[in-house]
Amino acid sequence: MNVAVIPAFNEATVIADVVRGCLDHVDVVLVVDDCSSDQTSLAAKRAGAQVLRHKLQRGAGRATATGLQAALQLGARFIVTLDADGQHLPSEIPAVLEPVQEGRADMVVGCRSLNRQEMPMMRRLGNRFANLWTWLHLGVVVSDTQSGFRAYSKLAASQLPLTARGYEFCSHSLAEAARLELQVQEVPVTVVYTDYSRSKGQSFMTSLRTLGRIAREGLRS
Amino acid sequence: MTLTLIQWGFLLVFGFSIARLLWLMYTRAIPRGRGLIWLALWGFGVVVVAKPELSAKLALFLGVTRGTDAIVYSAIAFLSLLVFRAFRLIDLQDQQISRLTTALALKEWREEDDPGEEGGGGKR
């Protein structure tokens, strides 16, 4: 069984399209509503997703961890995660899942920077800095450490201790994968940058906080 | 022994803290071990405020020039330790809240009557 996990926070206007797009490529879509104040849960459910709700806002990282646990309880063999703001194309799910389905990888990262002409310059710079920062603090080299478009095998999803709360989970999970000697592969993915997805992206302050947390994770490990 | 106004002020604060601490220890609101550590610390504060010349002896023992320096260095070291412990505690509680949030979300999801026909199958 293939399951898509979508962590979401106040995405009522776009979540339905994302869910419907995913249902063409996976058996079940799980939306983890991270304590949204809008109708995200309702919109996702009406579009055909199963919805889990956080009573407290815990961040994208924790929402992903909740979704992975639910997927494992459903008996998922392969799990794909993607952002709820519509920046990832559900039509690329098969390409992201392929390496884990063929047993070539335990974890796949959909790398936006491999399609670099699509990424705005400031985002590209920020992304490169995050990659460098992750390498410095966690010792992991990946072209796009902050991508939420990923695929996990059952083994990876069950073994990765996803304790990071916010966006730093992207880097933290890569460090944990390296520690557990899981096979990580990169796949180029398209990113749709709309005004909406830009407004929903990490703000400057969130980015600083994420960098701080990555550094802290590095100290811990 | 004549105490200055600031010494009286400090003694009042330490005295109030110690009285409150003793009450908390008496009612077992805080563990005895932790209470004794605070008691020793505030007791030391009372002694140093009441007998400032003792801080000079402490400075001599620690190898710094002035008693005030010895107090300030000790206070900074102690406060750093406290901040570290506080952050660690916050971290632990944060992780516990996260685990609880996940557990509640999973529990509610499992208990929902509708097994998610539109979503492509049941939950188990």
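**Two chains, two ways of packing**

Hi everyone, let me start with chain B, where 23% of the 124 residues are buried, buried meaning under 20% relative accessible area, exposed over 50% and partly exposed in between, with a 1.4 Å probe and protein chains only. Before going on, please keep in mind that this is a predicted model, in which local features need pLDDT of at least 70, side-chain atom pairs count only at pLDDT 80 or more, and totals for chains, interfaces and linings use all residues. Residues are numbered from 1 along each chain as its sequence is written, chains are lettered from A and ligands numbered from 1 in the order in which they are written, and side-chain values use heavy atoms, leaving out hydrogens and water.

Chain A has a buried share of 55% of its 221 residues. Contacts, meaning heavy atoms within 4.5 Å, can also be sorted by sequence separation. Taking contacts between residues at least 6 apart in sequence, 73% of those in chain A join residues at least 24 apart; in chain B that share is 36%.

Now the elements. Chain B holds 4 helices and 0 strands, and its pattern along the sequence reads α-α-α-α. Chain A has 9 helices and 7 strands. Helices here are DSSP runs of H or I with at least four residues, strands are runs of E with at least two, and both are numbered from the N terminus.

Let's stay with the helices of chain B. Two packed helices are described by the angle between their axes and the distance between the axes. The axes are lines fitted to C-alpha atoms, for helices over the stretch in contact, and the angles run from 0 to 180 degrees between N-to-C directions.

First pair: α1(B), residues 5-26, and α2(B) have axes that come within 10 Å and cross at roughly 160°. That makes α1(B) roughly antiparallel to α2(B); the cut-offs are under 35 degrees for roughly parallel, over 145 for roughly antiparallel, 65 to 115 for roughly perpendicular, and oblique for the rest. The crossing of α1(B) past α2(B) is left-handed, that is, the near helix is turned anticlockwise from the far one by less than a right angle, with clockwise being right-handed. Among the residues that meet here are B:F10, B:L11 and B:F14 from α1(B), and B:W38, B:L39 and B:W42 from α2(B). By class, this contact of α1(B) with α2(B) has 14 nonpolar, 5 polar and 1 charged. In that scheme, Ala, Val, Leu, Ile, Met, Phe, Trp, Tyr, Cys and Pro are nonpolar, Asp, Glu, Lys and Arg are charged, and the others, Gly among them, are polar.

Over to chain A and its inside. The largest nonpolar core has 30 residues, and those with the most contacts inside it include A:I6, A:V19 and A:V31. Such a core is a set of buried Ala, Val, Leu, Ile, Met, Phe, Trp, Tyr and Cys residues joined through side-chain atoms within 4.5 Å. Which helix gives the most to this core? α1(A) does, with 5 residues. A:V19 touches A:I6, A:V29, A:V31, A:A44, A:A47, A:G48 and A:A49, leaving aside residues up to four places away in sequence. A second, separate core of 29 residues includes A:L68, A:L74, A:C111 and A:A157.

Looking at α1(A) itself, its buried residues include A:I15, A:V19 and A:C22, and what covers them includes β1, β2, α2 and α4 of chain A. Another helix to look at is α7(A), residues 169-179, which is mostly covered, with 9 of its 11 residues buried.

Last, some backbone angles. Most residues other than glycine have a negative phi. A:E181, which follows α7(A), has a positive phi near 60° and is in the loop between α7 and β7 of chain A. At 69% relative accessibility, A:E181 counts as exposed. In chain B, B:R28 has a positive phi of about 60° although it is not a glycine. B:R28 is in the loop between α1 and α2 of chain B, and counts as exposed at 71% relative accessibility.
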